[in-house]
Amino acid sequence: MSNTAASRRSRPDEMPATPFDPELAAVLDGMGDLRAAFPSSAALVPGWRARLAEMVPEPTLEQLRAGGAYEVDERTAPGPAGAPEVPLLVARPAGLAEGAPVVYHLHGGGMISGSSRAGMELILREWAEPLGLVVVSAEYRLAPEHPYPAGVEDCYAGLEWVAEHAEELGGDPERIVVAGGSAGGGLTAAVALMTRDRRGPGIIGQLAMCPMLDDRNDTPSGHQMAGRGLWDRHANEVGWTALLGAARGTAEVPAYAAPARAADLSGLAPAYIDAGAAETFRDEAVAYATRIWQAGGDAELHIWPGGFHGFDQLAPDAAVSRDARRARVQWLRRVLNR
(Lines give C-alpha, C1' and ligand atoms only; values in the text may rest on other atoms or scores of the structure.)
Protein backbone atom coordinates (compact mmCIF):
# COMPACT_ATOMS: atom_id res chain seq x y z
CA MET A 1 0.00 0.00 0.00
CA SER A 2 1.38 3.43 -0.90
CA ASN A 3 2.06 6.05 1.77
CA THR A 4 -0.67 8.21 0.23
CA ALA A 5 -3.23 5.39 0.44
CA ALA A 6 -2.22 4.57 4.02
CA SER A 7 -2.52 8.24 5.02
CA ARG A 8 -5.96 8.54 3.41
CA ARG A 9 -7.17 5.35 5.11
CA SER A 10 -6.02 6.68 8.52
CA ARG A 11 -8.16 9.81 8.30
CA PRO A 12 -11.25 9.51 10.56
CA ASP A 13 -13.68 10.26 7.74
CA GLU A 14 -12.10 7.49 5.63
CA MET A 15 -12.25 4.76 8.27
CA PRO A 16 -14.65 1.89 7.57
CA ALA A 17 -17.67 1.80 9.89
CA THR A 18 -17.59 -0.56 12.85
CA PRO A 19 -20.14 -3.35 12.17
CA PHE A 20 -23.27 -3.76 14.24
CA ASP A 21 -23.95 -6.94 16.16
CA PRO A 22 -26.31 -9.02 13.94
CA GLU A 23 -29.08 -9.17 16.57
CA LEU A 24 -28.86 -5.42 17.09
CA ALA A 25 -28.74 -4.65 13.38
CA ALA A 26 -32.06 -6.41 12.88
CA VAL A 27 -33.68 -4.19 15.52
CA LEU A 28 -32.04 -1.06 14.14
CA ASP A 29 -33.41 -1.76 10.68
CA GLY A 30 -36.93 -1.45 12.07
CA MET A 31 -36.34 2.03 13.51
CA GLY A 32 -36.47 4.00 10.30
CA ASP A 33 -39.30 6.29 11.38
CA LEU A 34 -37.60 7.16 14.67
CA ARG A 35 -34.29 7.92 12.97
CA ALA A 36 -35.85 9.93 10.17
CA ALA A 37 -37.76 12.15 12.61
CA PHE A 38 -34.66 13.63 14.23
CA PRO A 39 -34.50 17.44 13.97
CA SER A 40 -31.96 19.01 11.62
CA SER A 41 -31.35 22.01 13.87
CA ALA A 42 -31.76 23.13 17.48
CA ALA A 43 -34.69 25.36 16.46
CA LEU A 44 -36.72 22.28 15.50
CA VAL A 45 -36.14 20.44 18.77
CA PRO A 46 -39.40 21.40 20.57
CA GLY A 47 -41.56 20.05 17.74
CA TRP A 48 -39.49 16.87 17.50
CA ARG A 49 -39.78 16.38 21.26
CA ALA A 50 -43.58 16.44 21.02
CA ARG A 51 -43.52 13.92 18.17
CA LEU A 52 -41.14 11.68 20.07
CA ALA A 53 -43.51 11.62 23.04
CA GLU A 54 -46.20 10.24 20.73
CA MET A 55 -43.91 7.66 19.14
CA VAL A 56 -42.33 6.47 22.41
CA PRO A 57 -44.80 7.16 25.26
CA GLU A 58 -43.42 7.27 28.79
CA PRO A 59 -44.80 5.00 31.52
CA THR A 60 -47.51 6.29 33.83
CA LEU A 61 -47.07 6.26 37.59
CA GLU A 62 -49.42 3.29 37.80
CA GLN A 63 -47.37 1.38 35.27
CA LEU A 64 -44.23 2.10 37.30
CA ARG A 65 -45.96 0.86 40.45
CA ALA A 66 -46.54 -2.47 38.68
CA GLY A 67 -49.59 -3.47 40.68
CA GLY A 68 -48.06 -2.52 44.02
CA ALA A 69 -44.62 -4.08 43.48
CA TYR A 70 -43.03 -0.63 43.81
CA GLU A 71 -43.79 2.47 45.84
CA VAL A 72 -43.56 5.47 43.50
CA ASP A 73 -44.04 9.09 44.49
CA GLU A 74 -43.31 12.56 43.07
CA ARG A 75 -41.38 15.14 45.08
CA THR A 76 -39.64 18.44 44.40
CA ALA A 77 -36.30 19.84 45.46
CA PRO A 78 -35.34 23.52 45.68
CA GLY A 79 -33.80 24.54 42.39
CA PRO A 80 -30.63 26.55 41.83
CA ALA A 81 -30.74 30.17 42.97
CA GLY A 82 -33.50 32.01 41.10
CA ALA A 83 -34.62 28.87 39.24
CA PRO A 84 -37.75 26.69 39.51
CA GLU A 85 -37.96 23.65 41.75
CA VAL A 86 -36.55 20.38 40.44
CA PRO A 87 -39.16 17.60 40.05
CA LEU A 88 -38.04 14.23 41.39
CA LEU A 89 -39.49 10.75 40.98
CA VAL A 90 -38.87 8.62 44.08
CA ALA A 91 -39.28 4.84 43.74
CA ARG A 92 -38.46 1.77 45.80
CA PRO A 93 -39.53 -1.87 46.03
CA ALA A 94 -42.57 -2.28 48.30
CA GLY A 95 -41.55 -3.24 51.83
CA LEU A 96 -37.90 -2.23 51.39
CA ALA A 97 -36.04 -1.99 54.69
CA GLU A 98 -34.86 1.40 55.94
CA GLY A 99 -31.30 2.50 55.28
CA ALA A 100 -31.15 1.19 51.72
CA PRO A 101 -28.54 2.41 49.21
CA VAL A 102 -29.69 5.21 46.91
CA VAL A 103 -29.27 5.56 43.15
CA TYR A 104 -29.71 9.13 41.96
CA HIS A 105 -30.72 8.77 38.31
CA LEU A 106 -30.25 11.30 35.50
CA HIS A 107 -32.18 10.46 32.33
CA GLY A 108 -30.90 10.49 28.78
CA GLY A 109 -32.17 12.36 25.73
CA GLY A 110 -29.24 14.27 24.25
CA MET A 111 -29.78 17.25 26.61
CA ILE A 112 -32.91 18.04 24.57
CA SER A 113 -35.51 15.42 25.54
CA GLY A 114 -36.50 12.83 28.14
CA SER A 115 -37.97 12.92 31.63
CA SER A 116 -37.55 11.43 35.07
CA ARG A 117 -39.66 8.41 34.05
CA ALA A 118 -37.43 7.43 31.12
CA GLY A 119 -35.84 4.03 31.65
CA MET A 120 -37.30 3.63 35.12
CA GLU A 121 -39.20 0.38 34.50
CA LEU A 122 -35.94 -1.39 33.69
CA ILE A 123 -34.05 0.26 36.58
CA LEU A 124 -36.69 -0.80 39.09
CA ARG A 125 -36.83 -4.35 37.80
CA GLU A 126 -33.08 -4.93 37.29
CA TRP A 127 -31.45 -2.63 39.87
CA ALA A 128 -33.85 -1.62 42.64
CA GLU A 129 -35.47 -4.97 43.29
CA PRO A 130 -32.45 -7.34 43.28
CA LEU A 131 -30.13 -4.87 45.03
CA GLY A 132 -32.67 -3.35 47.43
CA LEU A 133 -32.34 0.28 46.30
CA VAL A 134 -34.16 3.56 46.62
CA VAL A 135 -34.09 5.26 43.20
CA VAL A 136 -34.56 9.01 42.81
CA SER A 137 -34.81 10.26 39.22
CA ALA A 138 -34.41 13.97 38.44
CA GLU A 139 -36.32 15.96 35.81
CA TYR A 140 -33.82 18.62 34.80
CA ARG A 141 -34.52 21.51 32.43
CA LEU A 142 -33.88 20.83 28.74
CA ALA A 143 -32.16 22.73 25.95
CA PRO A 144 -32.63 24.75 23.82
CA GLU A 145 -35.26 26.48 25.99
CA HIS A 146 -32.89 26.16 28.95
CA PRO A 147 -29.26 26.19 27.82
CA TYR A 148 -26.23 25.44 29.97
CA PRO A 149 -25.93 25.63 32.96
CA ALA A 150 -29.64 25.07 33.71
CA GLY A 151 -29.75 21.28 33.35
CA VAL A 152 -26.58 20.38 35.23
CA GLU A 153 -27.31 22.84 38.03
CA ASP A 154 -30.76 21.25 38.41
CA CYS A 155 -29.06 17.85 38.68
CA TYR A 156 -26.67 19.09 41.35
CA ALA A 157 -29.47 20.76 43.32
CA GLY A 158 -31.41 17.49 43.21
CA LEU A 159 -28.40 15.58 44.53
CA GLU A 160 -28.05 18.00 47.44
CA TRP A 161 -31.70 17.44 48.34
CA VAL A 162 -31.38 13.66 48.05
CA ALA A 163 -28.36 13.62 50.37
CA GLU A 164 -30.18 15.79 52.90
CA HIS A 165 -33.43 13.80 52.76
CA ALA A 166 -32.11 10.29 52.15
CA GLU A 167 -33.14 8.97 55.55
CA GLU A 168 -36.65 10.38 55.10
CA LEU A 169 -36.85 8.39 51.83
CA GLY A 170 -35.69 5.22 53.55
CA GLY A 171 -32.18 5.56 52.14
CA ASP A 172 -28.65 5.78 53.45
CA PRO A 173 -27.00 9.20 52.86
CA GLU A 174 -23.58 7.52 53.03
CA ARG A 175 -24.34 5.19 50.10
CA ILE A 176 -25.41 7.28 47.11
CA VAL A 177 -24.49 6.39 43.53
CA VAL A 178 -25.17 8.80 40.65
CA ALA A 179 -26.17 7.04 37.43
CA GLY A 180 -27.34 7.95 33.96
CA GLY A 181 -27.16 7.11 30.27
CA SER A 182 -26.32 9.21 27.21
CA ALA A 183 -26.93 12.84 28.22
CA GLY A 184 -27.58 11.47 31.71
CA GLY A 185 -24.18 9.77 31.57
CA GLY A 186 -22.51 13.07 30.76
CA LEU A 187 -24.46 14.77 33.53
CA THR A 188 -23.43 11.96 35.90
CA ALA A 189 -19.78 12.74 35.15
CA ALA A 190 -20.40 16.47 35.51
CA VAL A 191 -22.17 16.09 38.87
CA ALA A 192 -19.26 13.94 40.11
CA LEU A 193 -16.89 16.77 39.16
CA MET A 194 -19.14 19.37 40.82
CA THR A 195 -19.51 17.54 44.11
CA ARG A 196 -15.74 17.07 44.25
CA ASP A 197 -15.00 20.73 43.46
CA ARG A 198 -17.75 22.19 45.67
CA ARG A 199 -17.16 19.76 48.51
CA GLY A 200 -20.78 18.73 48.15
CA PRO A 201 -22.60 15.52 48.95
CA GLY A 202 -20.37 12.47 49.14
CA ILE A 203 -21.12 9.86 46.49
CA ILE A 204 -19.65 6.37 46.44
CA GLY A 205 -19.88 5.81 42.70
CA GLN A 206 -20.76 7.22 39.27
CA LEU A 207 -22.30 4.95 36.65
CA ALA A 208 -22.08 6.59 33.21
CA MET A 209 -23.67 4.55 30.42
CA CYS A 210 -22.74 5.56 26.84
CA PRO A 211 -22.02 9.06 28.22
CA MET A 212 -22.25 12.29 26.21
CA LEU A 213 -18.98 13.90 27.30
CA ASP A 214 -17.38 15.97 24.55
CA ASP A 215 -18.97 18.87 22.66
CA ARG A 216 -16.09 18.96 20.15
CA ASN A 217 -17.70 16.02 18.34
CA ASP A 218 -14.51 15.13 16.47
CA THR A 219 -13.47 11.64 17.58
CA PRO A 220 -12.66 8.85 15.13
CA SER A 221 -15.75 6.93 16.25
CA GLY A 222 -17.90 9.99 15.61
CA HIS A 223 -16.62 10.20 12.04
CA GLN A 224 -16.74 6.42 11.51
CA MET A 225 -20.38 6.13 12.53
CA ALA A 226 -21.69 9.32 10.89
CA GLY A 227 -25.06 8.53 9.34
CA ARG A 228 -25.26 5.13 11.01
CA GLY A 229 -27.09 3.86 14.07
CA LEU A 230 -28.81 6.20 16.49
CA TRP A 231 -27.47 9.54 17.68
CA ASP A 232 -24.76 9.96 15.08
CA ARG A 233 -22.35 12.86 14.68
CA HIS A 234 -25.01 15.14 13.16
CA ALA A 235 -27.50 14.44 15.96
CA ASN A 236 -24.71 15.04 18.46
CA GLU A 237 -24.02 18.45 16.91
CA VAL A 238 -27.70 19.38 17.19
CA GLY A 239 -27.82 18.38 20.85
CA TRP A 240 -24.63 20.17 21.84
CA THR A 241 -25.59 23.29 19.87
CA ALA A 242 -28.97 23.38 21.60
CA LEU A 243 -27.16 23.27 24.95
CA LEU A 244 -24.22 25.60 24.23
CA GLY A 245 -25.15 27.75 21.25
CA ALA A 246 -22.24 29.43 19.48
CA ALA A 247 -19.83 28.36 22.23
CA ARG A 248 -19.99 24.70 21.12
CA GLY A 249 -16.57 23.47 20.11
CA THR A 250 -14.74 26.57 21.33
CA ALA A 251 -12.32 27.01 24.22
CA GLU A 252 -15.10 28.73 26.18
CA VAL A 253 -16.91 25.48 27.07
CA PRO A 254 -16.49 24.55 30.76
CA ALA A 255 -16.01 21.07 32.19
CA TYR A 256 -19.40 21.05 33.91
CA ALA A 257 -20.99 21.36 30.44
CA ALA A 258 -18.69 18.83 28.74
CA PRO A 259 -16.74 16.71 31.25
CA ALA A 260 -14.15 15.73 28.62
CA ARG A 261 -12.92 19.32 29.00
CA ALA A 262 -11.93 18.78 32.64
CA ALA A 263 -8.20 19.32 33.18
CA ASP A 264 -8.15 17.29 36.41
CA LEU A 265 -9.91 13.94 36.84
CA SER A 266 -8.31 13.06 40.17
CA GLY A 267 -10.24 12.57 43.39
CA LEU A 268 -13.46 11.40 41.74
CA ALA A 269 -15.86 8.72 42.96
CA PRO A 270 -15.27 5.26 41.44
CA ALA A 271 -16.62 5.19 37.90
CA TYR A 272 -18.31 2.66 35.66
CA ILE A 273 -18.21 3.76 32.00
CA ASP A 274 -19.46 1.88 28.98
CA ALA A 275 -20.40 2.39 25.34
CA GLY A 276 -21.10 0.43 22.20
CA ALA A 277 -18.24 -0.26 19.82
CA ALA A 278 -20.43 0.95 16.92
CA GLU A 279 -21.51 4.32 18.31
CA THR A 280 -20.43 7.95 18.31
CA PHE A 281 -19.52 8.02 22.01
CA ARG A 282 -17.12 5.05 21.98
CA ASP A 283 -13.84 6.97 21.79
CA GLU A 284 -14.73 9.74 24.22
CA ALA A 285 -15.81 7.10 26.76
CA VAL A 286 -12.48 5.27 26.35
CA ALA A 287 -10.54 8.52 26.66
CA TYR A 288 -12.40 9.58 29.81
CA ALA A 289 -11.83 6.27 31.58
CA THR A 290 -8.18 6.31 30.54
CA ARG A 291 -7.70 9.79 31.98
CA ILE A 292 -9.29 8.73 35.28
CA TRP A 293 -6.77 5.88 35.51
CA GLN A 294 -3.92 8.24 34.60
CA ALA A 295 -5.03 10.54 37.43
CA GLY A 296 -4.84 7.64 39.89
CA GLY A 297 -8.58 7.03 39.97
CA ASP A 298 -10.87 4.01 39.94
CA ALA A 299 -12.74 3.24 36.71
CA GLU A 300 -14.24 0.19 35.06
CA LEU A 301 -14.66 0.40 31.29
CA HIS A 302 -16.70 -1.79 28.93
CA ILE A 303 -16.99 -1.38 25.16
CA TRP A 304 -19.72 -3.69 23.93
CA PRO A 305 -19.06 -5.29 20.52
CA GLY A 306 -21.40 -4.20 17.77
CA GLY A 307 -23.45 -1.95 20.06
CA PHE A 308 -25.20 1.12 18.67
CA HIS A 309 -26.18 3.98 20.96
CA GLY A 310 -28.82 2.85 23.45
CA PHE A 311 -28.72 -0.74 22.18
CA ASP A 312 -29.38 -2.32 25.58
CA GLN A 313 -32.71 -0.54 26.00
CA LEU A 314 -33.88 -0.67 22.39
CA ALA A 315 -32.89 -4.32 21.86
CA PRO A 316 -33.11 -5.64 25.43
CA ASP A 317 -33.28 -9.32 24.48
CA ALA A 318 -30.07 -9.38 22.42
CA ALA A 319 -27.25 -11.35 24.04
CA VAL A 320 -24.89 -8.38 24.16
CA SER A 321 -27.63 -6.24 25.74
CA ARG A 322 -28.15 -8.76 28.51
CA ASP A 323 -24.39 -8.90 29.10
CA ALA A 324 -24.17 -5.10 29.33
CA ARG A 325 -27.00 -4.78 31.83
CA ARG A 326 -25.64 -7.68 33.90
CA ALA A 327 -22.19 -6.05 34.12
CA ARG A 328 -23.69 -2.81 35.46
CA VAL A 329 -25.56 -4.65 38.19
CA GLN A 330 -22.40 -6.52 39.16
CA TRP A 331 -20.47 -3.25 39.44
CA LEU A 332 -23.26 -1.66 41.51
CA ARG A 333 -23.27 -4.64 43.86
CA ARG A 334 -19.50 -4.39 44.38
CA VAL A 335 -19.52 -0.63 44.96
CA LEU A 336 -22.45 -0.79 47.38
CA ASN A 337 -20.80 -3.55 49.42
CA ARG A 338 -17.37 -1.98 49.81
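Contact here means heavy atoms within 4.5 Å. The structure is a predicted model, in which local features need pLDDT of at least 70 and side-chain atom pairs count only at pLDDT 80 or more, while totals for chains, interfaces and linings use all residues. Residues are numbered from 1 along each chain as its sequence is written, and side-chain values use heavy atoms, with hydrogens and water left out.

**Overall form**

The protein contains 13 helices and eight strands, these being DSSP runs numbered from the N terminus (H or I of at least four residues for helices, E of at least two for strands). Its C-alpha trace spans about 65 × 40 × 40 Å along the principal axes. Of the 338 residues, 53% count as buried, where buried means under 20% relative accessible area, exposed over 50% and partly exposed in between, with a 1.4 Å probe and protein chains only. Among contacts with a separation of 6 or more, 76% come from residues 24 or more positions apart.

**Helix packing**

The axes of helix 7 (residues 150–165) and helix 8 (residues 183–197) come within 10 Å and cross at roughly 60 degrees; axes are lines fitted to C-alpha atoms, for helices over the stretch in contact, and angles run from 0 to 180 degrees between N-to-C directions. Helix 7 and helix 8 are therefore oblique to each other, given that angles under 35 degrees count as roughly parallel, over 145 as roughly antiparallel, 65 to 115 as roughly perpendicular and the rest as oblique. On the helix 7 side the contact is made by Val 152, Glu 153, Cys 155, Tyr 156 and Leu 159, and on the helix 8 side by Leu 187, Ala 190, Val 191, Met 194 and Thr 195.

Helix 6 (residues 120–131) and helix 13 (residues 319–336) pack at about 35 degrees with their axes 11 Å apart. Leu 122, Glu 126, Trp 127 and Leu 131 of helix 6 meet Arg 325, Val 329, Leu 332 and Arg 333 of helix 13 in this contact.

**A buried loop residue**

Ile 203 is found in the loop between helix 8 and strand 6 (205–209), and this residue is buried, with a relative accessible area of 14%. Leaving aside neighbours within four places in sequence, Ile 203 is in contact with Leu 159, Ile 176, Val 178, Ala 192, Thr 195 and Ala 269. Leu 159 and Ile 203 are 44 residues apart in sequence, with their C-alpha atoms 9.5 Å apart in space. Leu 159 and Thr 195 also take part in the contact between helix 7 and helix 8.

**Backbone features in loops**

| Peptide bond | Omega |
|---|---|
| Ala 143 to Pro 144, cis | near 5 degrees |
| Tyr 148 to Pro 149, cis | about 10 degrees |

Pro 144 lies in the loop between strand 4 (134–138) and helix 7, and the place of Pro 149 is in the loop between strand 4 and helix 7.

Met 111, a residue other than glycine, has a positive phi near 75 degrees; Met 111 is found in the loop between strand 3 (100–106) and helix 6 and counts as buried at 5% relative accessibility. Arg 199 has a positive phi near 55 degrees, is placed in the loop between helix 8 and strand 6, and counts as exposed at 78% relative accessibility.
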